[in-house]
Amino acid sequence: MEIFISARMAMAKITIRADDFDFRMGTDEYIKNHELFIEHGLTETAVVQITQYGRLPRVEQRLIDYMNTAPYWDIQLHGWAHDEYDKMSYEEIVRDLSAAFLHFQSMFKKYPTVWYTPWNRRSPDMDKAANLMGMTISNESWDIARFIREKDTFDGSTVYFHLWNKNEREKIPETLKIIREMEDR
C-alpha cells in the first residue's frame with residue numbers, strides 16, 4: 001500500500017487526540033473511526049496506553065498493521081498505565097516509561113516523541129523523565145464537548161476524545177468538520 005502524505009497533513013494546526021487508546025475496543029471500531037479522519041484529511045493522534053487496568057491487552061495484529069500503514073496517524077504515548085505520574089517518584093516514572101517504550105517500539109517500530117499525560121498532569125519529575133526518554137510533554141487540551149461549545153473562542157492547539165465513550169464518539173464527525181473548516185481558512 002503506497003501512502004501519500006499531503007502538504008495539508010504536514011501543516012496540521014490542531015492536534016486531535018484519541019486518549020486512553022488501550023485497545024479495549026474491536027479493531028473494526030478503531031478503523032471505522034480513523035476512516036473519518038482520512039475522509040477529512042486530518043491526523044488522528046492515537047495516545048497509546050500500553051496496559052488496561054494493569055494488564056497487557058490482546059491486540060489484533062490487523063489493527064497494528066493498519067496503524068503502521070494507513071495515512072493520517074500520529075501515534076504517541078499516554079503511559080504504561082493510566083497512572084497518576086505526578087505523584088510518582090522519578091525512578092518509578094522512568095521504570096514505567098522504559099517498559100512503555102519497549103512495548104511501543106515492538107508494536108510500531110518507532111519510539112514516541114510526545115507524552116500526552118493521563119489527566120493532563122505534569123510535575124518536575126515527569127519533565128525530567130520525559131527529557132531522559134527524548135520526549136516532550138503535552139498536557140494542553142480541550143475536551144471534545146467544550147471544543148464544540150466554544151469553537152468560536154478556541155485558542156488552544158489540542159482537542160481530545162475517548163473513543164470508548166459513546167457521547168464523545170458521537171461528536172467526532174462534527175468536530176472533524178469544524179476543524180477542517182478552521183484549518184482551511
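Ala18, Asp19, Asp20, Phe21, Tyr30, Leu163 and Trp164 line the largest cavity of this predicted model. On a 1 Å grid over the protein atoms alone, a cavity is a set of points where a 1.4 Å probe fits but cannot get out, and lining residues have an atom within 4 Å of a point. The structure holds one cavity of 30 Å³ or more, and the space in the largest is about 30 Å³. That volume is the space filled by probe spheres set on the points, with grid points joined across faces, edges and corners.

Strand 1 (residues 15-21) contributes the most to this lining, namely four residues. Strands (E, at least two residues) and helices (H or I, at least four) are DSSP runs, numbered from the N terminus. By type, the lining has five nonpolar, no polar and two charged residues. Here Ala, Val, Leu, Ile, Met, Phe, Trp, Tyr, Cys and Pro count as nonpolar, Asp, Glu, Lys and Arg as charged, and the others, Gly among them, as polar.

Phe21 from the lining also belongs to the largest nonpolar core, where Phe21, Phe23, Val48, Met67, Phe108 and Trp115 touch the most other members out of 52 residues. Helix 4 (residues 90-108) gives this core the most, with nine residues. Such a core is a set of buried Ala, Val, Leu, Ile, Met, Phe, Trp, Tyr and Cys residues joined through side-chain atoms within 4.5 Å. Beyond four places in sequence, the contacts of Phe21 (heavy atoms within 4.5 Å) are Tyr30, Glu44, Ala46, Val47, Val48, Gln49, Met67 and Trp73.

Now to the backbone. Most residues other than glycine have a negative phi.

| Residue | Phi | Place | Relative accessible area |

How far can you trust the model? The average pLDDT (the predictor's confidence in each residue, from 0 to 100) is 93, and 94% of the residues score at least 70. Over residues 1-12, pLDDT stays under 50, and the model has 16 contacts beyond four places in sequence for them.

Residues are numbered from 1 along each chain as its sequence is written, and side-chain values use heavy atoms, leaving out hydrogens and water. In this predicted model, local features need pLDDT of at least 70 and side-chain atom pairs count only at pLDDT 80 or more, while totals for chains, interfaces and linings use all residues.

Key: On a 1 Å grid over the protein atoms alone, a cavity is a set of points where a 1.4 Å probe fits but cannot get out, and a pocket is an open set with protein on both sides within 12 Å along at least five of seven lines; lining residues have an atom within 4 Å of a point. Buried means under 20% relative accessible area, exposed over 50%, partly exposed in between (1.4 Å probe, protein chains only).
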